[in-house]
Amino acid sequence: MKSPYVNELQLGPLASATFLVQSKEVRQKRTGEPFLSLSLSDRTGDIEAKMWDGVAGVAETFDRDDFVQVKGQIQLFQNRPQITIHKLIRIDEAGVDFADFFPASTRDPEEMFAELRTVIAGIGNPHLQALLTAIFADEEIARGFRTAPAAKIVHHAYLGGLIEHVLSLCHLARFAASHYPGVDLDLLLAGVILHDLGKIRELSYARAFSYTDQGQLLGHMMIALRIIAEKAAQTPDFPPRLRDLLEHMIISHHGELEFGSPKIPLFREALLLHFLDNLDSKMELTRVLLEKDRLTEGSWTPYNSALERALLKTGLYLNPEPAAPERTPAQPAPAAQIAGRRQRNLSLFAEKLQGAIGEES
């Protein structure tokens, strides 16, 4: 097991640690000399790193997705932890345990998939249940759904994150449907389960999380529509209008055109799917931001671009850390005592030391 992990790092010297290189850039100082700007990670998180000196002999020895061992100093820069690297060497992947470097859900993927099957079995609409059963009977789809992250970096960005996100939404959907009369729970659950289905082919997660060629060209919404079209054709007498509603939920679940949805939600279940999806992703973002904010000072996290705000650490705000006790000013020594020290040519420390030795003897 590697040590330390990113979430165990403390400010101060870093003797040695191994990380996966998430990103690598060679930039220039004002003097024109090169420096390295890196993002390093393991299964517990990521941290920015800079290497200012000796870059020419190191830059070409490793690349993105390589494993590196670094030594340096951990300090705060703009209230964010950052490693200043003094030494870096690439290490062979044969010497690392991949489980140490790729974040994964704390839940067992098979257990989550069994829960998903239970949700599907409980859907009363026979057409939606038949479609979902056909989709997840495909082992390639089922395997991807158990493994894929829900996003590259934004939310649930870890192995098993997709199915964990979907199951969380299933719980929220049941509550929302019971709270708002008239909501079609079967349709809402089908939309929840399928809205991010295309992530299984949009994202590559064999090493660092990135986009596949198909993901770059089409995006997860179009990929999901392809899968649904294929499986709906294999489902006898699937109603075309029901398929229209399901596909609309997928292409509108980002909510706004500027957020990547070709359409905005235009019926109740589609609108509810969007808001529940947004809620679950934002709550996961806040969890991760607060958990990663161990080393920063004060009651506020750094600004987060995805949330478009910094977050107040309410626990620390309500229960501030006690301030360091004020040092009591030393009382001036009596004039006679000072004069006696001067006559004997003794400092205050020497006088106390002499007194202590005298007491012991």
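Leu218 sits in helix α7 (residues 213–233). Helices (H or I, at least four residues) and strands (E, at least two) are DSSP runs, numbered from the N terminus. The model is predicted: local features need pLDDT of at least 70, side-chain atom pairs count only at pLDDT 80 or more, and totals for chains, interfaces and linings use all residues. Residues are numbered from 1 along each chain as its sequence is written, and side-chain values use heavy atoms, with hydrogens and water left out.

Leu218 has 32% relative accessibility, so it counts as partly exposed. Buried means under 20% relative accessible area, exposed over 50%, and partly exposed in between (1.4 Å probe, protein chains only).

Strand β3 covers residues 45–51. Five of its seven residues are buried, so β3 is largely enclosed by the rest of the structure.

Strand β2 (residues 34–42) pairs with β3 in the antiparallel sense, over seven bridges. Pairing requires at least two DSSP bridges between two strands. The two strands β2 and β3 form a hairpin, with two residues between them. Ser41 stands opposite Asp46 in β3.

Strand β5 (residues 80–91) runs parallel to β3, joined by three bridges. Here Lys50 stands opposite Thr84 in β5.

## The loop at Ala104

Ala104 lies in the loop between β5 and α1 (109–121). Ala104 is partly exposed, at 46% relative accessible area.

Beyond its neighbours within four places in sequence, Ala104 is in contact (heavy atoms within 4.5 Å) with Tyr158 and Leu159. The C-alpha atoms of Ala104 and Gly160 are 6.1 Å apart, with the two residues 56 apart along the chain.
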